[in-house]
Amino acid sequence: MIEQAHHSDEIKRNLKSRLNRIEGQVKAINRMIDEDVYCDDVLTQIRATRSALNSVATRLLDHHMKSCIMNKIDSGHQSEAMEELLVTFQKLMKD
């Protein structure tokens with residue numbers, strides 16, 4: 001069974017806004033490559049985009065821990081919640 005998240009409209013708006021900006025950054029990087037922009041400038045934009053994506057992941061992880069994981073703990077599924085949290089961290093740590 002696939003679980004669903006329950007994000008508030010405010011959280012969805014915030015995440016979507018950030019992701020839209022990241023999408024714009026990626027398109028800008030693509031244009032920079034097409035236009036033969038200096039490599040260091042492209043790498044700077046890539047770093048900024050990666051940082052923005054990490055920020056989205058951090059916000060989503062925060063929400064996940066405070067809602068999804070806490071709901072499992074509150075419903076008596078502490079072991080399952082901790083295992084899920086460990087798997088989630090492992091996914092985020094992979095390159």
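Figure 1. Glutamate 80 is partly exposed, with a relative accessible area of 42% (buried means under 20%, exposed over 50%, and partly exposed in between, using a 1.4 Å probe and protein chains only). This is a predicted model, where local features need pLDDT of at least 70 and side-chain atom pairs count only at pLDDT 80 or more, while totals for chains, interfaces and linings use all residues. Residues are numbered from 1 along each chain as its sequence is written, and side-chain values use heavy atoms, leaving out hydrogens and water. Look for the side chain of lysine 72: with glutamate 80 it makes a salt bridge of 3.3 Å, N to O (a side-chain nitrogen of Lys or Arg within 4 Å of a carboxyl oxygen of Asp or Glu). Lysine 72 itself counts as buried, at 11% relative accessibility. The picture widens with Glu84, as Lys72, Glu80 and Glu84 are linked in a network of salt bridges. How many salt bridges does the count come to by this rule? The count is four.

**Figure 2. Helix α2 packs with helix α3.** Two packed helices are described by the angle between their axes and the distance between the axes. Here α2 covers residues 39-74 and α3 residues 78-93 (helices are DSSP runs of H or I with at least four residues, strands are E runs of at least two, and both are numbered from the N terminus). Their axes lie 9 Å apart, at an angle of about 165° (axes are lines fitted to C-alpha atoms, for helices over the stretch in contact, and angles run from 0 to 180 degrees between N-to-C directions). That angle makes α2 roughly antiparallel to α3 (over 145 degrees; under 35 is roughly parallel, 65 to 115 roughly perpendicular, and the rest oblique). By class, the α2 and α3 contact has ten nonpolar, three polar and three charged residues (Ala, Val, Leu, Ile, Met, Phe, Trp, Tyr, Cys and Pro are nonpolar, Asp, Glu, Lys and Arg charged, and the others, including Gly, polar).

Figure 3. Leucine 61 lies in helix α2. Is it buried or exposed? At 15% relative accessibility, leucine 61 counts as buried. Leaving aside residues up to four places away in sequence, leucine 61 touches Thr88, Phe89 and Leu92. Along the chain, leucine 61 and phenylalanine 89 are 28 residues apart, and their C-alpha atoms are separated by 8.9 Å.

**Figure 4. Salt bridges within single helices.** In helix α1 (residues 9-34), glutamate 23 and lysine 27 are four residues apart, which means about one helical turn between them. They form a salt bridge whose closest N and O atoms are 3.8 Å apart. Glutamate 23 is partly exposed at 42%, and lysine 27 is partly exposed at 47%. In helix α2, aspartate 62 and lysine 66 are also four residues apart, or about one helical turn. Their salt bridge has its closest N and O atoms 3.2 Å apart. Aspartate 62 is partly exposed, with a relative accessible area of 36%, whereas lysine 66 counts as exposed at 61%.

**Figure 5. Helix α1 beside helix α2.** The axes of α1 and α2 come within 10 Å and cross at roughly 165°. That makes α1 roughly antiparallel to α2, and their crossing is left-handed. The contact of α1 with α2 divides into 15 nonpolar, six polar and three charged residues.

Terms used:
Contact means heavy atoms within 4.5 Å. A crossing is left-handed if the near helix is turned anticlockwise from the far one by less than a right angle, and right-handed if clockwise.
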